[in-house]
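My plan is to go from the whole chain down to single side chains.

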Amino acid sequence: RGNEFWLEVMERRLVLVSEQLGLTDEQSEAFQKTHREASVGFFDQRVKVQEARQHLMEAASAPGFGVDTLRHLIADVGRQQVKLDSLVTETMLQEMEILDEDQRRQYIQILPVNRFGGRSGRGGPDSENGGRRHRR
(Lines give C-alpha, C1' and ligand atoms only; values in the text may rest on other atoms or scores of the structure.)
Protein backbone atom coordinates (compact mmCIF):
# COMPACT_ATOMS: atom_id res chain seq x y z
CA ARG A 1 0.00 0.00 0.00
CA GLY A 2 1.26 3.40 -0.94
CA ASN A 3 1.70 6.59 1.02
CA GLU A 4 -1.62 7.96 -0.20
CA PHE A 5 -3.45 5.05 1.44
CA TRP A 6 -1.66 5.64 4.76
CA LEU A 7 -2.22 9.39 4.60
CA GLU A 8 -5.93 8.68 4.20
CA VAL A 9 -5.84 6.26 7.14
CA MET A 10 -4.09 8.86 9.29
CA GLU A 11 -6.61 11.52 8.26
CA ARG A 12 -9.59 9.27 9.11
CA ARG A 13 -7.99 8.46 12.47
CA LEU A 14 -7.49 12.16 13.19
CA VAL A 15 -11.16 12.91 12.42
CA LEU A 16 -12.28 10.02 14.63
CA VAL A 17 -10.03 11.01 17.53
CA SER A 18 -11.06 14.65 17.18
CA GLU A 19 -14.75 13.77 17.33
CA GLN A 20 -14.48 11.24 20.13
CA LEU A 21 -12.25 13.38 22.34
CA GLY A 22 -13.78 16.74 21.48
CA LEU A 23 -10.46 18.28 20.49
CA THR A 24 -10.25 22.05 20.42
CA ASP A 25 -9.08 23.69 17.19
CA GLU A 26 -5.65 24.18 18.77
CA GLN A 27 -5.43 20.53 19.79
CA SER A 28 -6.54 19.40 16.34
CA GLU A 29 -3.86 21.57 14.72
CA ALA A 30 -1.25 20.13 17.11
CA PHE A 31 -2.35 16.57 16.20
CA GLN A 32 -2.07 17.42 12.49
CA LYS A 33 1.42 18.84 13.00
CA THR A 34 2.48 15.73 14.92
CA HIS A 35 1.15 13.51 12.11
CA ARG A 36 2.84 15.56 9.39
CA GLU A 37 6.17 15.33 11.18
CA ALA A 38 5.82 11.62 11.89
CA SER A 39 4.46 10.57 8.50
CA VAL A 40 7.79 10.58 6.65
CA GLY A 41 9.32 8.28 9.25
CA PHE A 42 6.26 6.04 9.18
CA PHE A 43 6.32 5.72 5.43
CA ASP A 44 10.04 5.07 5.21
CA GLN A 45 9.95 2.47 7.97
CA ARG A 46 6.85 0.78 6.54
CA VAL A 47 8.78 0.31 3.29
CA LYS A 48 11.66 -1.26 5.21
CA VAL A 49 9.28 -3.66 6.96
CA GLN A 50 7.70 -4.63 3.63
CA GLU A 51 11.10 -5.11 2.01
CA ALA A 52 12.28 -7.31 4.90
CA ARG A 53 9.10 -9.40 4.61
CA GLN A 54 9.57 -9.69 0.85
CA HIS A 55 13.17 -10.87 1.26
CA LEU A 56 11.96 -13.48 3.75
CA MET A 57 9.21 -14.71 1.43
CA GLU A 58 11.61 -14.95 -1.50
CA ALA A 59 14.20 -16.83 0.55
CA ALA A 60 11.61 -19.19 2.04
CA SER A 61 10.25 -20.11 -1.38
CA ALA A 62 13.65 -20.50 -3.04
CA PRO A 63 14.86 -24.03 -3.71
CA GLY A 64 17.40 -25.21 -1.16
CA PHE A 65 16.76 -22.39 1.31
CA GLY A 66 19.01 -22.30 4.34
CA VAL A 67 17.56 -22.35 7.83
CA ASP A 68 20.24 -19.97 9.10
CA THR A 69 19.39 -17.52 6.33
CA LEU A 70 15.71 -17.70 7.23
CA ARG A 71 16.49 -17.13 10.92
CA HIS A 72 18.48 -14.04 9.98
CA LEU A 73 15.70 -12.74 7.72
CA ILE A 74 13.01 -13.42 10.32
CA ALA A 75 15.07 -11.49 12.87
CA ASP A 76 15.40 -8.62 10.38
CA VAL A 77 11.63 -8.49 9.91
CA GLY A 78 11.31 -8.28 13.70
CA ARG A 79 13.91 -5.52 13.96
CA GLN A 80 12.24 -3.46 11.26
CA GLN A 81 8.80 -3.94 12.86
CA VAL A 82 10.16 -2.90 16.27
CA LYS A 83 11.46 0.33 14.71
CA LEU A 84 8.04 1.02 13.19
CA ASP A 85 6.30 0.22 16.46
CA SER A 86 8.65 2.62 18.25
CA LEU A 87 7.76 5.42 15.83
CA VAL A 88 4.06 4.77 16.36
CA THR A 89 4.47 4.67 20.13
CA GLU A 90 6.42 7.92 20.18
CA THR A 91 3.73 9.60 18.09
CA MET A 92 1.03 8.35 20.44
CA LEU A 93 2.97 9.76 23.41
CA GLN A 94 3.25 13.09 21.62
CA GLU A 95 -0.50 13.02 21.00
CA MET A 96 -1.12 12.30 24.68
CA GLU A 97 0.91 15.39 25.64
CA ILE A 98 -1.59 17.49 23.68
CA LEU A 99 -4.57 16.16 25.62
CA ASP A 100 -5.99 17.09 29.00
CA GLU A 101 -6.41 14.45 31.71
CA ASP A 102 -9.97 13.43 30.77
CA GLN A 103 -9.10 13.26 27.08
CA ARG A 104 -6.06 11.07 27.85
CA ARG A 105 -8.30 8.62 29.72
CA GLN A 106 -10.65 8.46 26.73
CA TYR A 107 -7.73 8.23 24.30
CA ILE A 108 -6.40 5.15 26.07
CA GLN A 109 -9.81 3.52 25.72
CA ILE A 110 -10.00 4.07 21.95
CA LEU A 111 -6.50 2.79 21.16
CA PRO A 112 -6.56 -0.17 18.75
CA VAL A 113 -4.63 -2.27 21.26
CA ASN A 114 -7.59 -2.02 23.65
CA ARG A 115 -10.31 -2.46 21.04
CA PHE A 116 -8.80 -5.47 19.34
CA GLY A 117 -6.81 -7.20 22.05
CA GLY A 118 -3.40 -6.15 20.77
CA ARG A 119 -1.44 -7.44 17.82
CA SER A 120 -2.04 -11.05 18.80
CA GLY A 121 -5.81 -10.63 18.79
CA ARG A 122 -6.17 -12.06 22.30
CA GLY A 123 -8.24 -10.66 25.10
CA GLY A 124 -10.00 -7.75 23.41
CA PRO A 125 -13.74 -7.27 23.16
CA ASP A 126 -13.66 -8.78 19.68
CA SER A 127 -11.58 -11.77 20.74
CA GLU A 128 -14.43 -14.17 20.02
CA ASN A 129 -14.02 -13.06 16.41
CA GLY A 130 -10.30 -13.78 16.41
CA GLY A 131 -9.52 -10.17 17.27
CA ARG A 132 -10.86 -8.95 13.92
CA ARG A 133 -13.12 -5.99 13.49
CA HIS A 134 -16.69 -6.57 12.52
CA ARG A 135 -17.58 -5.08 9.14
CA ARG A 136 -20.67 -2.91 9.11
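**Ground rules.** I call a residue buried under 20% relative accessible area, exposed over 50%, and partly exposed in between (1.4 Å probe, protein chains only). I'm working on a predicted model, where local features need pLDDT of at least 70, side-chain atom pairs count only at pLDDT 80 or more, and totals for chains, interfaces and linings use all residues. Residues are numbered from 1 along each chain as its sequence is written, and side-chain values use heavy atoms, with hydrogens and water left out.

**Entry 1: the overall layout.** I looked up the secondary structure and got 5 helices and 0 strands for the protein chain. Helices here are DSSP runs of H or I with at least four residues, strands are runs of E with at least two, and both are numbered from the N terminus. Read from the N terminus, the order is α-α-α-α-α. The chain has 136 residues, and 29% of them are buried. I also checked the accessible area (Shrake-Rupley method, 1.4 Å probe, with only the protein chains shown counting as cover for residues). The protein chain exposes about 9600 Å², and carbon and sulfur atoms supply 52% of that. Next came contacts, meaning heavy atoms within 4.5 Å. Of the contacts between residues at least 6 apart in sequence, 56% join residues at least 24 apart.

**Entry 2: helix α3.** How far apart are the end C-alpha atoms of α3? I find 47 Å, which agrees with the 46 Å that its 32 residues should span at 1.5 Å a residue. The expected span is 1.5 Å times one less than the number of residues in the helix. I then listed the buried residues of α3, and among them are L70, V77, Q80, Q81, T91, E95 and M96. What covers the buried residues of α3 includes α1, α2 (25-61) and α4.

**Entry 3: the core.** I searched for nonpolar cores, which are sets of buried Ala, Val, Leu, Ile, Met, Phe, Trp, Tyr and Cys residues joined through side-chain atoms within 4.5 Å. The largest has 10 residues: L14, V17, L21, L23, F31, M96, L99, Y107, I110 and L111. Two or more of its residues come from each of α1 and α4, and α1 gives the largest share, 3 residues. L99 touches L21, L23, Q27, F31, R104 and Y107.

**Entry 4: Q103.** Is Q103 buried or exposed? Q103 is buried, with a relative accessible area of 6%, and sits in helix α4. Beyond residues up to four places away in sequence, Q103 touches L21, G22, L23 and Q27. With Q27 there is also a polar contact between the two side chains, at 2.6 Å. For that term I use a pair of N or O atoms within 3.5 Å; within protein, one must be able to donate a hydrogen and the other to accept it, and residues adjacent in sequence count only if both atoms are side-chain atoms.

**Entry 5: salt bridges.** My search of the whole structure turned up 7 salt bridges. The rule is a side-chain nitrogen of Lys or Arg within 4 Å of a carboxyl oxygen of Asp or Glu.

First I took R13, which pairs with E95, with their closest N and O atoms 2.8 Å apart. R13 lies in helix α1 and E95 in helix α3 (residues 67-98), so this pair ties together parts that are 82 residues apart in sequence. R13 is partly exposed at 27% relative accessibility, while E95 is buried at 1%. Leaving out residues up to four places away in sequence, R13 touches H35, E95 and Y107.

Then I checked E8 and R12, whose side chains meet in a salt bridge at 2.9 Å, N to O. They are 4 residues apart in helix α1 (residues 3-21), which means about one helical turn separates them. E8 is partly exposed at 47%, and R12 is partly exposed at 47%.

Why is about one helical turn between D102 and R105? Because they are 3 residues apart in helix α4 (residues 101-110). D102 has a relative accessible area of 47% and is partly exposed; R105 is partly exposed at 47%. I also noted that E101, D102 and R105 are linked in a network of salt bridges.
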